[in-house]
Each structure stands twice: as structure tokens, then as C-alpha cells.
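Dear colleague,

I am handing over the structure we spoke about, with the sequence alongside. Please open it first and then read the notes that follow.

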Amino acid sequence: MRNRLYPPRGGALEDTVSLTPIGVRPPDDRRQKITTASLRELKLRREPITCLTAYDYATARLVDEAGIDIVLVGDSLAQAMLGYENTLSVTVDEMLHHVKAVRRGVRHALLVADMPYGSYQIDPNDALRNAARFVKEGGAEVVKIEGGEKRAELIHRLADAEIPVAGHIGLTPQSVNVMGGYKVQGKNLSGIEQLMRDAVALERAGVACLYLEGIPREVAAMITAEVSTPTIGIGAGPECDGQVLVFHDIMNLTFGPPAKFVRRYGDAASLITNAVLAFHDDVKSHRYPSDEESYHLPKDTKAGLDTVLARKQAMRR
């Protein structure tokens with residue numbers, strides 16, 4: 001039986017509200033599952049690594065089926081999905097809610113989940129428990145934490161618990177209050193030296209990959225050449241082993257001016273607005289729903305009802 005958006009008028013399928021299968025995937029395209037080992041192989045082959053954020057099932061499926069290597073459930077969902085001012089307010093439970101949804105939509109990509117502010121900075125034991133929740137409950141394959149050499153000991157502990165970790169240095173949004181805003185890092189010699197120490201320390205701690213955010217292109221190139229760990233850049237220039245952007249940024253679904261490094265590849269905001277306006281206008285002008293978009297009684301029932309109504313009308317005369 002073919003799936004139809006609207007059954008034929010008066011047909012046997014009139015009582016079927018939806019024939020659209022939920023969660024059914026297209027045939028497997030034979031792509032191999034991306035793993036932490038895959039990332040290192042991509043770096044060795046000098047094949048660029050692609051990464052996008054996703055925060056829900058539908059977006060995760062679309063991103064995964066498009067062939068993206070890493071799907072990141074970033075704490076940027078605080079602003080993109082929940083309307084917070086910055087990433088500091090989002091909680092572990094809020095993050096887990098979205099990680100679980102994304103997990104159900106991802107088949108091929110490596111699933112990385114951000115650990116939010118406060119979930120790993122305060123107590124190492126709490127950090128271990130929270131990381132385990134992201135893996136056990138959320139289905140994440142890697143957890144991401146911000147900070148450089150000061151996180152090395154924690155990363156060792158997580159590795160001992162069989163939890164892969166992605167590092168994140170440079171502009172670290174969870175440190176926005178310390179940094180005094182979202183500012184490019186590593187613009188002087190001492191800053192460059194610190195970033196190099198951070199990168200080497202995280203590599204030695206065993207991170208699966210290293211996110212470089214908001215640093216000069218030249219510095220990111222030095223780090224990428226220095227470490228064997230794959231580097232994923234965001235506002236760090238083209239020499240990184242891979243690139244990540246926020247899905248909502250590339251689709252114009254944010255409500256502020258984009259950062260310098262953001263390239264918009266689509267305009268979902270206009271698409272959604274136009275669709276909503278068209279629906280609004282069609283309802284107000286009685287153009288939706290049409291007769292073809294309505295369900296109908298079976299012919300025999302309709303004939304019987306018409307007879308009853310005709311008798312009632314005759315009795316009123």
C-alpha cells in the first residue's frame with residue numbers, strides 16, 4: 001500500500017488519520033559509523049571533519065543523513081532553543097532531554113554532548129557522575145568540557161571510567177564572566193603560549209578531539225600542526241582539521257547579528273514566517289481546510305443521514 005497524504009474522497013481509508021510512519025528511515029546508504037578512531041583517521045588522511053549542532057530528533061536526522069561527521073548537542077541550546085541570555089543557565093537535566101532526542105535521530109555521526117556550566121567545575125565526583133549520565137541516559141559517545149590544562153586531571157578520571165572527552169579551548173563561553181565578554185583569545189604572545197600549553201596538556205590527557213573557538217587563524221594552525229588530536233574550529237580559521245557551526249546560525253534561526261565566522265547557508269526564518277502567514281491567511285479567509293482536506297461519511301451512511309434530516313425538515317413544516 002502506498003503512503004498517501006490525503007486518502008481519496010469517500011474511500012476506505014477515510015478513517016485513517018495518518019499513514020505517515022514515525023521513525024522509519026530510508027534504506028541504509030552504507031556509510032560507516034563515525035567513531036573517535038575515525039576522527040584520527042580523517043586527520044591522518046587530511047580529510048576535513050564536519051560538525052554541526054542539533055538539539056532535537058528532526059534536525060538530528062536531517063544533519064546525520066546529510067553525512068555530517070559529528071553531531072554536537074551544544075550548550076548553545078540555552079540560547080537557540082530555550083531563550084536564555086547565555087549558556088550559563090542551562091542545566092544537566094535540560095541538556096539530557098535534548099541529548100536523548102538527538103540520539104534517536106543519529107545513526108552514522110559521532111554524538112558529542114556538552115557538559116553545562118556547574119556540572120564539572122565544582123567537584124570531580126559530581127563531574128564523573130554527570131558525565132556518566134550523558135553516556136548512560138543520553139546515549140552520548142563523547143562529552144565535551146571547556147578549559148585547558150586545568151582540566152587534564154579530570155579528563156584522566158573520565159577516561160579511566162571509559163568516557164571519551166572532547167576538549168574546548170580559546171573562547172570558552174562558560175567563562176564569559178571571567179573573560180569580560182565574548183572576545184577572541186590568544187592575540188598576544190602570552191595568550192598564544194597559554195593556548196599551546198592547553199592544547200598539549202589536553203592531548204596528553206587523551207581527548208578524542210579538540211575544539212578551538214575564537215582564536216587567530218595562525219594560532220589554530222600552530223596547534224593543529226603540533227597535536228595529533230583532531231582539531232575542530234569555530235572562528236579559528238581554515239587550517240583546523242574540521243569545522244563546526246551552530247545549526248540555527250547557518251539557517252538564520254537566531255535573532256541577533258551573526259558572529260564574523262558565521263556563514264548562512266539557508267533562510268529558514270523566512271520560510272517558516274511565510275508558511276505561518278499563509279496558514280493564517282487561509283484560515284481567516286476560509287480557504288483552509290478545503291473539501292479535499294476534509295473527511296467524509298461513507299456513501300451509505302451519508303444517504304441514511306440525508307433521509308433522516310429530510311424527515312426532520314418535513315416535520316418542521
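In what follows, contact means that heavy atoms lie within 4.5 Å. This is a predicted model, in which local features need pLDDT of at least 70 and side-chain atom pairs count only at pLDDT 80 or more, whereas totals for chains, interfaces and linings use all residues. Residues are numbered from 1 along each chain as its sequence is written, and side-chain values use heavy atoms, with hydrogens and water left out.

Leaving aside neighbours within four places in sequence, I215 is in contact with G170, V184, Q185, L195, A220, I223, G235 and A236. I215 is also one of the residues with the most contacts inside the largest nonpolar core, which has 55 residues, and V71, V102, F134, I169, L212 and I223 are listed with it. A nonpolar core here is a set of buried Ala, Val, Leu, Ile, Met, Phe, Trp, Tyr and Cys residues joined through side-chain atoms within 4.5 Å; buried means under 20% relative accessible area, exposed over 50%, and partly exposed in between, with a 1.4 Å probe and protein chains only.

Turning to the chain as a whole, its secondary structure comes to twelve helices and eight strands, where helices (H or I, at least four residues) and strands (E, at least two) are DSSP runs numbered from the N terminus. The radius of gyration is 26 Å, well over the 20 Å that the globule rule gives for 317 residues, so the chain is more spread out than a compact globule; the radius is taken over C-alpha atoms, and the rule is 2.2 Å times the number of residues to the power 0.38. Along its principal axes the C-alpha trace spans about 95 × 40 × 35 Å. Of the 317 residues, 41% count as buried, and among contacts with a separation of 6 or more, 59% are between residues 24 or more positions apart.

A101, in helix 4 (residues 92-105), is buried with a relative accessible area of 15%, and, not counting residues up to four places away in sequence, A101 touches D56 and Y57. A101 and A60 are 41 residues apart in sequence, yet their C-alpha atoms are 8.3 Å apart in space.

Finally, some backbone details deserve a look. Y288 and P289 are joined by a cis peptide bond, with omega about -5°, and P289 is found in the loop between helix 11 (268-284) and helix 12 (299-316). R46 is not a glycine but has a positive phi of about 55°; R46 sits in the loop between helix 1 (36-44) and strand 1 (49-53), and counts as exposed at 78% relative accessibility. N252, likewise a residue other than glycine, has a positive phi near 60° and is found in the loop between helix 10 (247-250) and helix 11, but N252 counts as buried, at 18% relative accessibility.

With best wishes
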